[in-house]
Amino acid sequence: MSTELVGIIGFLFMFFLLAVGLEIGFAMAITGFIGFAYLTSFGAACNLLAKDLFDVFTTYSLTVVPLFILMGQIAANSGIGSRLYNMSYKFIGHIPGGLAMATSIACTFFGAICGSTTATAATFASVSAPEMRKYKYDDRLIGGVIASSGGIGIMIPPSVIFIVYGIFTQLSIGTLFMSGIIPGLIICALFMIAIYIWCKKNPELGPKGEKSTWGQRFKALPGAIEIIIIFFILMGGIMKGFFTPTEGGAVGAFATLLVTIITRSIDLKGFYKSILDTLLSSCMIMVIVAGATIFGHFIALSRIPFTVATWVGGLGLHPIIIMALIIFIYLIGGCVIDALALIVLTVPIFYPVILQLGFNPIWFGVIIVLITMMGVITPPVGVNSYVVSGIAKIPLNQVFSGIWIFLAALVVAAIIFIAFPELTLFLPKMFNMAV
């Protein structure tokens with residue numbers, strides 16, 4: 001049996017384990033161990049298992065993951081989200097769909113200190129859904145905008161997906177962070193345009209709210225000051241080289257905690273919940289990364305990445321067509337596999353392909369995050385949709401009915417970034433970062 005065929009069987013076995021309900025990290029680890037043992041020996045597989053587990057759980061660069069998650073959890077439990085939403089509402093709540101637009105803007109701002117889609121979606125499901133209901137907004141728009149805008153948090157730095165992608169590809173996490181700022185703002189703008197068009201066509205979806213005076217608007221501005229301070233401390237320090245992105249995680253978490261203590265916006269109960277949620281999320285991510293590392297060594301031994309890269313290079317197709325196929329695979333995969341698991345599972349296979357085709361790996365990272373944003377809202381996995389449905393008490397079918405216009409906006413964004421890759425590289429180049 002050829003090594004490539006063993007690799008394919010390994011993939012099928014892993015999907016079988018997923019189908020019977022095994023967690024993705026354990027499924028990858030078990031498949032990788034068995035496959036590696038078959039291609040080498042049982043002893044070699046045991047050595048691989050011990051080495052990979054030890055390496056992952058002692059890797060310094062991975063310490064940034066729990067730190068940035070803690071940063072986001074403190075922000076989520078401190079009321080920063082509600083103050084952001086209030087500020088956004090004061091400025092645009094009076095136009096059709098204005099409350100939904102305010103939600104999208106607030107999620108974008110919140111993403112500047114929270115790299116988790118689920119934390120952002122959960123925060124605004126509890127903050128903005130009651131307000132939109134008060135103004136007779138349709139549940140489809142409420143569920144759709146919160147679930148979709150929650151995904152902007154993984155495009156605007158800091159982003160856990162960018163961190164994991166950077167670790168697996170050995171790319172600069174700081175450069176990846178900078179590359180996501182302009183795309184994140186463009187996606188937010190596209191969401192607002194989609195909301196306006198939808199509400200103009202069907203005014204009952206998002207009636208106008210009350211118009212605020214300029215005095216009320218200026219009074220609400222301090223709601224964004226906390227985010228701006230934390231963001232500039234974090235990104236400014238990384239860009240100026242005062243600290244690395246890994247150290248930036250600690251700085252960001254401390255700055256967020258300090259701001260919330262000074263403003264007295266978090267209590268011991270909220271801090272305890274932040275620590276507990278961080279622990280649960282970090283353990284989940286570490287298990288996935290460990291499993292993916294073991295599985296990745298098996299896949300590398302099976303020569304599937306090399307075979308795929310050689311096969312794609314010999315097709316004679318235009319690189320854009322091949323990239324479109326890769327994006328399609330990510331889109332389909334994102335519908336059935338957890339976003340982070342999909343990244344760690346596919347990057348070892350597709351990364352050599354995009355390098356061989358001459359695509360910029362930083363740009364590819366942005367595209368992967370964009371496709372991940374689609375995956376976190378689309379059925380059947382669509383974790384953000386489930387979170388919003390559960391917290392906002394919106395029927396799941398209504399949430400899924402409301403995501404399609406935002407999915408269309410994300411497709412438009414993908415076309416824009418593929419046609420104009422410099423949009424993703426402009427800021428890194430401006431600050432003389434390696435791209």
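Colleague: What classes of residue make up the lining of the second largest pocket?

Modeller: Keep in mind that this is a predicted model. The lining of the second largest pocket has 19 nonpolar residues and two polar ones, with no charged residues.

Colleague: Which residues lie nearest its centre?

Modeller: Val-308, Ile-329, Thr-346, Ile-349 and Phe-350, out of 21 lining residues. The volume of that pocket comes to about 470 Å³.

Colleague: And which helices each supply at least two residues of the lining?

Modeller: α1 (3-19), α16 (304-313), α17 (319-336) and α18 (339-357).

Colleague: OK, switching to α22. Which of its residues are buried?

Modeller: Phe-406, Leu-407, Ala-409, Leu-410, Ala-413, Ala-414 and Phe-417 are buried in α22. Down the helix axis, those buried residues of α22 fall within an arc of 155°, so they line one face.

Colleague: What covers the buried residues of α22?

Modeller: The cover includes α8 (139-150), α11 (181-201), α19 (361-375), α21 (396-402) and α23 (422-430).

Colleague: How far does α22 reach from its first C-alpha to its last?

Modeller: 23 Å for 16 residues (404-419), close to the 22 Å expected at 1.5 Å a residue.

Colleague: Now α2. What span should its 16 residues have?

Modeller: At 1.5 Å a residue, α2 (24-39) should span 22 Å, and its end C-alpha atoms are 22 Å apart, so the two agree.

Colleague: Which residues of α2 are buried?

Modeller: Among them are Ile-24, Met-28, Phe-33 and Phe-36, and the buried set also includes glycines Gly-25, Gly-32 and Gly-35.

Technical notes:
Residues are numbered from 1 along each chain as its sequence is written. This is a predicted model: local features need pLDDT of at least 70, side-chain atom pairs count only at pLDDT 80 or more; totals for chains, interfaces and linings use all residues. Side-chain values use heavy atoms; hydrogens and water are left out. Helices (H or I, at least four residues) and strands (E, at least two) are DSSP runs, numbered from the N terminus. The expected span of a helix is 1.5 Å times one less than its number of residues. Buried means under 20% relative accessible area, exposed over 50%, partly exposed in between (1.4 Å probe, protein chains only). On a 1 Å grid over the protein atoms alone, a cavity is a set of points where a 1.4 Å probe fits but cannot get out, and a pocket is an open set with protein on both sides within 12 Å along at least five of seven lines; lining residues have an atom within 4 Å of a point. Grid points are joined across faces, edges and corners, and a volume is the space filled by probe spheres set on the points. Ala, Val, Leu, Ile, Met, Phe, Trp, Tyr, Cys and Pro count as nonpolar, Asp, Glu, Lys and Arg as charged, and the others, Gly among them, as polar. The arc is that of the directions from the helix axis to the C-beta atoms. Contact means heavy atoms within 4.5 Å.
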